[in-house]
Amino acid sequence: MAPATKPLALVTGVGPGTGASVARRFAEGGYRVAMLARDTARLAALAAEIPGSIAVPCDVGDPAALEAAVARLGPAKVVVHNAVGGAFGSFRDIDPAVLQRNFDVAKPNRAWVTDITYIRTWEGWLYLAVVMDLFSRRIVGWASGPTIRRELVLDAVLMAVRQRHPKHAIIHSDQGSQYGSDDWLRFCRNNHLEPSMSRRGNCWDNAVAESFFSSLKKERIKKKIYRNRALAQADISAYIESFYNPTRRHSHLGGVSPENFESAGRRKRVH
């Protein structure tokens with residue numbers, strides 16, 4: 001049997017520092033990397049350093065030239081624009097109309113969003129990472145801890161994968177460094193997840209996750225400062241498991257809770 005072709009990642013504006021680092025990161029994460037930039041000498045040097053990469057000389061400041069170069073390369077799973085400027089704005093092969101419809105999704109485990117927020121305690125900040133299924137707005141994974149480390153988001157998505165067993169799902173995040181790490185890309189690749197990242201300056205791309213954090217803070221935390229992190233963790237877990245998922249009604253879901261919406265969806269599929 002022929003080996004599977006590696007997914008293609010396009011990295012535009014590759015240059016010293018961040019651009020080269022981004023290209024290497026995707027190459028090490030199992031992607032074929034096509035690097036697009038004006039500097040032909042720099043591209044050639046990077047292509048020699050990064051196994052399996054492709055150097056594509058292109059005036060990335062010219063939209064027509066860039067579009068033509070991308071079209072010649074074929075469909076890509078990842079596009080990282082202006083990497084040299086540090087803009088880690090990445091979109092996988094996703095229908096842009098989905099974003100424009102505010103992430104309306106027809107079936108469970110097709111598109112997830114993830115994000116991080118922080119909660120005040122007298123011991124210091126507690127960081128909370130969540131994963132939400134956009135079909136039902138259900139929180140399918142979460143994790144919390146005293147530091148905003150990459151393990152935080154990995155623990156949250158691991159919980160989601162163990163609960164939901166996705167066959168193929170897009171998972172959308174902001175541009176946080178935790179979501180660009182080698183560990184994150186490797187985990188996603190090994191668990192049928194296709195990462196997507198918001199573009200710089202487009203916070204609405206992840207507005208649904210932000211909406212959950214807003215509800216949590218207005219309905220449960222209410223500006224309180226928890227005595228310690230353990231109490232905050234217990235309270236947040238109770239909010240998600242005992243109220244938000246099973247009980248809290250959503251106008252987006254026709255006035256039912258995430259769990260009831262999923263149950264109704266299962267009954268429709270059976271009939």
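How many residues of strand β1 (residues 8-12) are buried? Five of the five are, so β1 is largely enclosed by the rest of the structure. Buried means under 20% relative accessible area, exposed over 50%, and partly exposed in between (1.4 Å probe, protein chains only).

## Basis

This is a predicted model; local features need pLDDT of at least 70, side-chain atom pairs count only at pLDDT 80 or more, and totals for chains, interfaces and linings use all residues. Residues are numbered from 1 along each chain as its sequence is written, and side-chain values use heavy atoms, without hydrogens and water.

## Overall picture

The protein has nine helices and 10 strands. These are DSSP runs numbered from the N terminus: helices are H or I with at least four residues, strands E with at least two. Of the 271 residues, 49% count as buried.

## Strand β1

Leu8, Leu10 and Thr12 point one way from β1. Ala9 and Val11 point the other way. In a regular strand, side chains alternate between the two faces of the sheet.

β1 runs parallel to strand β2 (residues 32-37), joined by five bridges. Strands pair if DSSP finds at least two bridges between them. Valine 11 has methionine 35 as its bridge partner in β2.

## The five-stranded sheet

An open sheet runs in the order β8-β7-β6-β9-β10, with mixed pairing. Its edge strands are β8 (138-145) and β10 (193-197), each pairing on one side only. Strand β7 (residues 126-133) pairs antiparallel with β8 over seven bridges. Within this pairing, valine 130 has tryptophan 142 of β8 as its bridge partner.

Helix α6 (residues 182-190) packs on the sheet and touches β6 (111-119), β9 (169-173) and β10. Contact means heavy atoms within 4.5 Å. The direction of α6 makes about 140° with that of β10. Axes are lines fitted to C-alpha atoms, for helices over the stretch in contact; angles run from 0 to 180 degrees between N-to-C directions. Helix α7 (residues 207-221) lies across β6, β7 and β8, at about 40° to β6.

## Aromatic pairs

The whole structure holds seven aromatic pairs. Rings of Phe, Tyr and Trp (its six-membered ring) pair if their centres lie within 6.5 Å; planes under 30 degrees apart are stacked, over 60 edge-to-face, the rest tilted. Phenylalanine 135 and phenylalanine 261 have centres 5.1 Å apart and planes at 55°, so this pair is tilted. Phenylalanine 135 sits in the loop between β7 and β8, and phenylalanine 261 in helix α9 (residues 258-270), 126 residues apart. Phenylalanine 135 is buried, at 8% relative accessible area; phenylalanine 261 is partly exposed, at 23%.
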